[in-house]
Amino acid sequence: MKLVEDRVAVVTGAASGIGRTTAKTFADHGASVVVADVDADAGAETVAEIADDGGEATFVQTDVSDPDDAKAMIETAVDEFGGIDVLYNNAAIEGPVARLDEYENDAFEQVIEVNLKGVWYGMKYGIEAMLADGGGSIISASSIGGEVAVPQYSGYGAAKAAVSHLTKYAAIEYAEDGIRANAVAPGIVRTNMIERTIEEHPEMEAQFLETEPMPGLADPQEIANAVLFLGSDLSSRVTGTTLPVEGGYLAQ
Ligand SMILES: NC(=O)c1ccc[n+]([C@@H]2O[C@H](COP(=O)([O-])OP(=O)(O)OC[C@H]3O[C@@H](n4cnc5c(N)ncnc54)[C@H](O)[C@@H]3O)[C@@H](O)[C@H]2O)c1
């Protein structure tokens with residue numbers, strides 16, 4: 001069964017990891033997908049992979065922390081595919097692994113720019129277009145680090161907690177307009193983000209592997225499936241929530 005047939009989905013950070021897998025999953029389920037990312041080469045690869053599988057997608061180079069880019073990204077969905085039904089605010093950076101006193105000011109600002117302001121701009125322009133088009137579903141990427149403190153990730157965690165809170169505002173303010181807003185909170189997922197951290201801090205691999213009560217690391221597809229649920233009518237009465245996808249980590 002195709003869950004988002006003839007819908008239009010915009011996925012940020014869709015050149016890698018969870019974003020790429022989600023873009024492909026939405027395309028497999030019948031959506032036309034706007035692949036948005038700063039990385040043009042890898043973004044084009046996502047589009048090519050979708051086309052190879054018989055799906056429809058287009059790439060728009062986007063820095064989500066730039067409001068003009070965020071606006072242009074949404075306009076691409078409207079101009080090329082006739083509107084927007086689903087927005088997945090997925091793009092983020094991990095920032096440094098450092099305790100608060102050693103976390104550089106510039107790094108903190110950059111994490112807030114991309115991980116929080118980027119989501120805010122996506123919501124703002126996405127909602128504007130959805131209001132003109134009968135509603136839609138917005139999903140944003142939070143993290144276990146936004147639910148509980150994960151040592152040495154203060155900037156990242158603070159931004160993710162704010163994303164979950166922002167999600168509640170969007171849900172409440174537009175509940176009567178047919179717009180739902182939810183977040184997903186993954187645990188540890190094997191993507192370039194985690195590989196980069198392991199490369200810089202090899203000692204963290206064992207820690208990552210033991211984080212979730214369920215064995216091993218999550219596969220990006222397991223997060224994409226949750227985003228698909230929240231983006232489809234299967235979740236028609238779900239709004240304002242953050243769905244943990246973390247092998248039971250937050251149940252402890
Ligand atoms: N991997 C994990 O363990 C994990 C855990 C919890 C939450 N998350 C969240 O899931 C989301 C995806 O993470 P991932 O692991 O796939 O990461 P990733 O690093 O593999 O992919 C992130 C993508 O975002 C893009 N990006 C970065 N800055 C951008 C910007 N300013 N504008 C547009 N695109 C930008 C990158 O080019 C890249 O393609 C992120 O929000 C991340 O915080 C990941």
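Residues are numbered from 1 along each chain as its sequence is written, and side-chain values use heavy atoms, with hydrogens and water left out. Because the model is predicted, local features need pLDDT of at least 70 and side-chain atom pairs count only at pLDDT 80 or more, while totals for chains, interfaces and linings use all residues.

Start with the ligand. There are 29 residues around the ligand, and Ser16, Asp37, Asn90, Tyr156 and Thr191 come nearest (a residue is near a molecule if one of its heavy atoms lies within 4 Å of it). By type, this shell divides into 15 nonpolar, 10 polar and four charged residues. Here Ala, Val, Leu, Ile, Met, Phe, Trp, Tyr, Cys and Pro count as nonpolar, Asp, Glu, Lys and Arg as charged, and the others, Gly among them, as polar. Helices H1 (17–28), H5 (154–173) and H6 (192–200) each supply at least two residues of the shell, and H6 gives the most, with four. Helices are DSSP runs (H or I, at least four residues), numbered from the N terminus.

Next come polar contacts, pairs of N or O atoms within 3.5 Å. A polar side-chain atom of tyrosine 156 lies 2.5 Å from an oxygen atom of the ligand. An N or O atom in the side chain of aspartate 63 is 2.9 Å from a nitrogen atom of the ligand. For threonine 62, a polar backbone atom is 3.3 Å from a nitrogen atom of the ligand. Of the 840 Å² of accessible area that the ligand has on its own, the protein covers 93% (Shrake-Rupley method, 1.4 Å probe).

Where does the ligand sit? The ligand sits in the largest pocket, which requires that more than half of its atoms lie within 2 Å of the pocket's grid points. On a 1 Å grid over the protein atoms alone, a pocket is an open set of points where a 1.4 Å probe fits, with protein on both sides within 12 Å along at least five of seven lines; lining residues have an atom within 4 Å of a point. The largest pocket has a volume of about 1000 Å³, the space filled by probe spheres set on the points. Its lining has 46 residues, and Ala92, Ile93, Glu94, Tyr156 and Met193 lie nearest its centre. H6 provides the largest share of this lining, five residues.

The second largest pocket has a volume of about 180 Å³. Helix H4 (105–131) and H5 each supply at least two residues of its lining, which divides into seven nonpolar, no polar and two charged residues.

How values were computed:
A polar contact is a pair of N or O atoms within 3.5 Å; within protein, one must be able to donate a hydrogen and the other to accept it, and residues adjacent in sequence count only if both atoms are side-chain atoms.
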